[in-house]
Amino acid sequence: MTLSEIISSILLISGAVFFLAGTLGLLRFPDVYTRLHALTKADNVGLGLMVVGLALQSESLAGVGKLLLIWLLVMLAGASVAHLIAKGALHRGISLWKR
Amino acid sequence: MQILYLALALFLLLNLGAGMWRVVRGPTAADRMLAAQLFGTTAVAVLLLLAQATGNAALRDVALVFALLAAVTAVAFVRRTWQQA
Amino acid sequence: METLTVLTWIFDSLLAMGLLWLAWRCLTCPDLFNAIVLFVAFGLLMALAWVRLEALDVALAEAAIGAGLTGALLMAALAKLQSTKTNRDIAEKSEKNVTGVQLLQCVSIALLLLVAIGLGYAVLSLPAYAPGLSIEVSANLETSGVSNPVTAVLLNFRAYDTLLEMVVLLLALLGVWSLGGAIQQRETTPGPVLDTLSRVLVPVLILVTAYLLWVGAHAPGGAFQAGSVLGAAGVLLLLAGWRPRGAMMALPLRLILVAGLIVFLAIAIAIMMIERQLLEYWPAQAGVLILVLETAATISIGATLAALFLSRCPQVEEYK
């Protein structure tokens, strides 16, 4: 395995770990707001690490550009939707979890 | 490397399956919508991995369309279903 | 390599089982919103299944329509149901005659199992390699004007089917509009986040529409996929509170909706009058003709899908 393949593998595996963290947070956290927080970690960091890992292996500059575009769009959509859902939940009186 | 891509795609698919539990359980409608958002992002990652594994660059176009349209359903939820009930 | 095939097999079986489980939960779920979210997830997994079956054009269409637009349409429909409170009435009426219903369910399940077994036997007894018409298609691909066989079949060899599909879409729109729909409630103003999201996403969606339209000639893409992304842009605009001016909703909207069909018919009639069969293109101009047809079809399909979301025929007075 060449150096770029080793670096890509490390980045991809760490991205997958963040996806796992996002899913665990979705399943285990106590209320909507904390689950939203876990979800956006999978969106930003998880997908970002995977995109960088895949970009190192990509065969053309256009492929790299498309990967980065996909990541930016997922981040934009994910962050906006998280805000909208959280604001809506506050309006409807879903209470925050207190220990 | 192909084995790594496929193994990670399988791992993400298992994640997706685990997230179904939140759709079934989630006490509020927002929880179910959250899970659907996670499915969208996980599907984008799976498609990107499959694109690299099979060498088919057109799969990235499918991932692009996924990434764009995941937001539309969530916005429809917030602006229509939630406003009414 | 062995591990590769094992991994692919596990991936495909997980996908298939997930699809079956989602379909079962979606149909037996009593809560409508739960069912809608499960349906959107089903659309996502279905698009992955199409990718695994190497039908990328279908996967693009499924991702755009099944996972995105249908989800938005169902959410809007659920909002209207909740506002008229018919949801509760339907749930109450189904409490009577439980034993009769259960007997009917057992008989139905037995019949469906028989059909499923019959289908499985029929599919498994098919020959392993069935090329169908793909040999003839690849033999004639150079004269079709494009190099993507799916686009060649949809827009050249079977362009007649696509012409009728445009009519079907228009009929669906007329059906939805003729139902009348509930009175539009006053919407709250969209916050700055939704406003900015729509301002950033809609131009990107339009660019992706043009990209899918252009790339459909030699890679997965095409008019329907591009049209559904354009429809999603229209739906996003409507959700974020944008409304066109009143004058645009009368004649210009109708013209845009029928533009695809009119261009298709015009080209078909023109070709027939120059002593050729219906929709038989000259090989030299086939590429240009297909591009013109696809552009008109994309705009019409996008407008139709966005107009479906409006759910009632737009009256000019509402938009003044």
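Let me begin with chains A and B, where 35 residues of chain A are in contact with 36 residues of chain B, two residues being in contact if their C-beta atoms, placed from the backbone, lie within 7 Å. What we are looking at is a predicted model, in which local features need pLDDT of at least 70 and side-chain atom pairs count only at pLDDT 80 or more, whereas totals for chains, interfaces and linings use all residues. Residues are numbered from 1 along each chain as its sequence is written, and chains are lettered from A and ligands numbered from 1 in the order in which they are written.

On the side of chain A that touches chain B, helix 1 (3-28), helix 2 and helix 3 (61-91) of chain A each supply at least two residues, and helix 3 of chain A gives the most, with 14 residues. Helices here are DSSP runs (H or I, at least four residues), as strands are (E, at least two), and they are numbered from the N terminus. By class, this side of chain A has 23 nonpolar, eight polar and four charged residues, where Ala, Val, Leu, Ile, Met, Phe, Trp, Tyr, Cys and Pro count as nonpolar, Asp, Glu, Lys and Arg as charged, and the others, Gly among them, as polar.

Within this pair of chains, let me pick out two helices. Helix 2 (residues 32-57) of chain A and helix 2 (residues 29-54) of chain B pack at an angle of about 10°, with their axes 10 Å apart, and that makes the two helices roughly parallel. The axes are lines fitted to C-alpha atoms, for helices over the stretch in contact, and the angles run from 0 to 180 degrees between N-to-C directions; under 35 degrees counts as roughly parallel, over 145 as roughly antiparallel, 65 to 115 as roughly perpendicular and the rest as oblique. Among the residues that make the contact are A:Leu36, A:Leu39 and A:Leu47 of helix 2 of chain A and B:Leu34, B:Leu38 and B:Val44 of helix 2 of chain B, and by class the contact has 13 nonpolar, four polar and three charged residues.

How do helix 1 and helix 2 of chain B pack? Helix 1 (residues 2-25) of chain B packs against helix 2 of chain B at an angle of about 170°, with their axes 9 Å apart, and the two are therefore roughly antiparallel to each other. Residues including B:Tyr5, B:Leu12 and B:Leu16 in helix 1 of chain B meet residues including B:Leu38, B:Phe39 and B:Leu49 in helix 2 of chain B, and the contact divides into 16 nonpolar, five polar and three charged residues.

Turning now to chain C, there are twelve helices and zero strands, and the C-alpha trace spans about 65 × 65 × 40 Å along its principal axes. Chain C is divided into domain 1 (1-119) and domain 2 (146-320), with bounds that come from an automatic or database domain assignment. In chain C, 14 residues of domain 1 are in contact with 16 residues of domain 2, and the side of domain 1 that touches domain 2 divides into nine nonpolar, three polar and two charged residues.

Chain C also meets chain B, with 49 residues of chain C in contact with 40 residues of chain B. Helix 3 of chain C gives the most to the side of chain C that touches chain B, with 15 residues, and by class that side has 39 nonpolar, ten polar and no charged residues.

Which residues touch the most other members of the largest nonpolar core? Of its 147 residues, these are B:Val44, B:Leu47, B:Val62, B:Phe66, B:Ala67 and C:Ala41, a nonpolar core being a set of buried Ala, Val, Leu, Ile, Met, Phe, Trp, Tyr and Cys residues joined through C-beta atoms within 7 Å. Both domains of chain C give residues to this core, so it lies between them. Leaving aside neighbours within four places in sequence, B:Phe66 is in contact with B:Gly40, B:Ala43, B:Val44, B:Leu47 and C:Ala63.

C:Leu305, in helix 12 (residues 286-310) of chain C, counts as buried, with 26 C-beta neighbours inside 10 Å; a residue is buried if 20 or more other C-beta atoms lie within 10 Å of its own, exposed if 12 or fewer, and partly exposed in between, with C-beta atoms placed from the backbone. C:Glu54 is found in the loop between helix 2 and helix 3 of chain C, is exposed, with 11 other C-beta atoms within 10 Å, and has a positive phi of about 60° although it is not a glycine.
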